[in-house]
Amino acid sequence: MIDSHCHLDHKPLFENLTEIINRSKLIGITKLLTICTTLESFEKIKILTNKDKIIYGTYGIHPHETEKNQVHKKKIIETVKKNNKIIGVGETGLDFFYKHSNKDSQISSFIAHIEASIELNIPIIIHSRSAEKETFDILNSYKNSSLKILMHCFTGSLEFSKKLSSLNAFFSASGIITFKNTLDLQETFKTIPLEKLLIETDSPYLAPVPMRGKSNEPSYVKYTLSKLAKLQNQSDEKMVMITTDNFNRLFFNEN
């Protein structure tokens, strides 16, 4: 089992890392991908990836942070090449729901991340909220560039998922699919091909039912996996195998 998206640099995970890792291993987690959101967070991520062999990281700037944290394509490429446990670019993307950063800075940052991921030939982890058209239009402009797309914590529409599927995108299910009021999203995840599915916690946020309201952690990914298995009419054991294989195929080119 693999948690494809967590924030181990955030409280309270960073302060309780040994216990978090131990609980992860106890439920069968073999890899944790801790996600970069700011230049400051990357300093912790470099430390984290050296703490345990199961921890990998990414480098990128969250769309909320693009005005305060500006990086260019060259900087992203240079940074990733210096760190062999940094296996993805992001999280990046567009979020027009909140107004933490203006649209222009988000778009220019998104493009820099996309172009860096193409040159590095590694996946890009994408956050998209209230920006389906803009997100797809930008990604679609690179459709002939062998872009490796992972839609993190996917909450988009069925139509959006189908359009992204034309770009060979992968989709990561978070604890949101366990919430009672997300029936449309659950229906969407029923339609996504098995070979394009991953699971995540986005911890310490979005704890799944029955842990909703608590601080999330990677070991809770088992609840999201069980829900996804039910939606796809698969056993938990089979869904573990599928999502693990998909992660390794996307990030490590394993067949």
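Residues are numbered from 1 along each chain as its sequence is written, and side-chain values use heavy atoms, with hydrogens and water left out. Because the model is predicted, local features need pLDDT of at least 70 and side-chain atom pairs count only at pLDDT 80 or more, while totals for chains, interfaces and linings use all residues.

Rings of Phe, Tyr and Trp (its six-membered ring) were paired if their centres lie within 6.5 Å; planes under 30 degrees apart count as stacked, over 60 as edge-to-face and the rest as tilted. In one of them, Phe 42 and Tyr 59, the ring centres are 4.7 Å apart and the planes stand at 80°, so the pair is edge-to-face. This pair links distant parts of the chain, 17 residues apart, with Phe 42 in helix 2 (residues 39-49) and Tyr 59 in strand 3 (residues 55-59); helices (H or I, at least four residues) and strands (E, at least two) are DSSP runs, numbered from the N terminus. Both Phe 42 and Tyr 59 are buried, where buried means under 20% relative accessible area, exposed over 50% and partly exposed in between (1.4 Å probe, protein chains only).

The rings of Phe 247 and Phe 252 form a tilted pair, with centres 6.4 Å apart and planes at 50°. Phe 247 is buried, at a relative accessible area of 1%, whereas Phe 252 is partly exposed, at 26%.

A charge sits over a ring if NZ of Lys or CZ of Arg is within 6 Å of the ring centre and within 35 degrees of the ring normal. Lys 103 has its charged end over the ring of Phe 96, 4.7 Å from the centre. Arg 129 lies over the face of Phe 97, 3.8 Å from the ring centre.

Glu 217 is located in the loop between strand 8 (197-199) and helix 8 (221-231), and is buried at 7% relative accessibility. Its contacts (heavy atoms within 4.5 Å) include Leu 13, Ile 20 and Thr 201, when residues up to four places away in sequence are not counted.

A search of the whole structure finds one cavity of 30 Å³ or more. On a 1 Å grid over the protein atoms alone, a cavity is a set of points where a 1.4 Å probe fits but cannot get out; grid points are joined across faces, edges and corners, and the volume is the space filled by probe spheres set on the points. The largest cavity holds about 30 Å³. Its lining residues (an atom within 4 Å of a point) include Ser 117, Asn 121, Ser 145 and Lys 148.

Notes
On a 1 Å grid over the protein atoms alone, a cavity is a set of points where a 1.4 Å probe fits but cannot get out, and a pocket is an open set with protein on both sides within 12 Å along at least five of seven lines; lining residues have an atom within 4 Å of a point.
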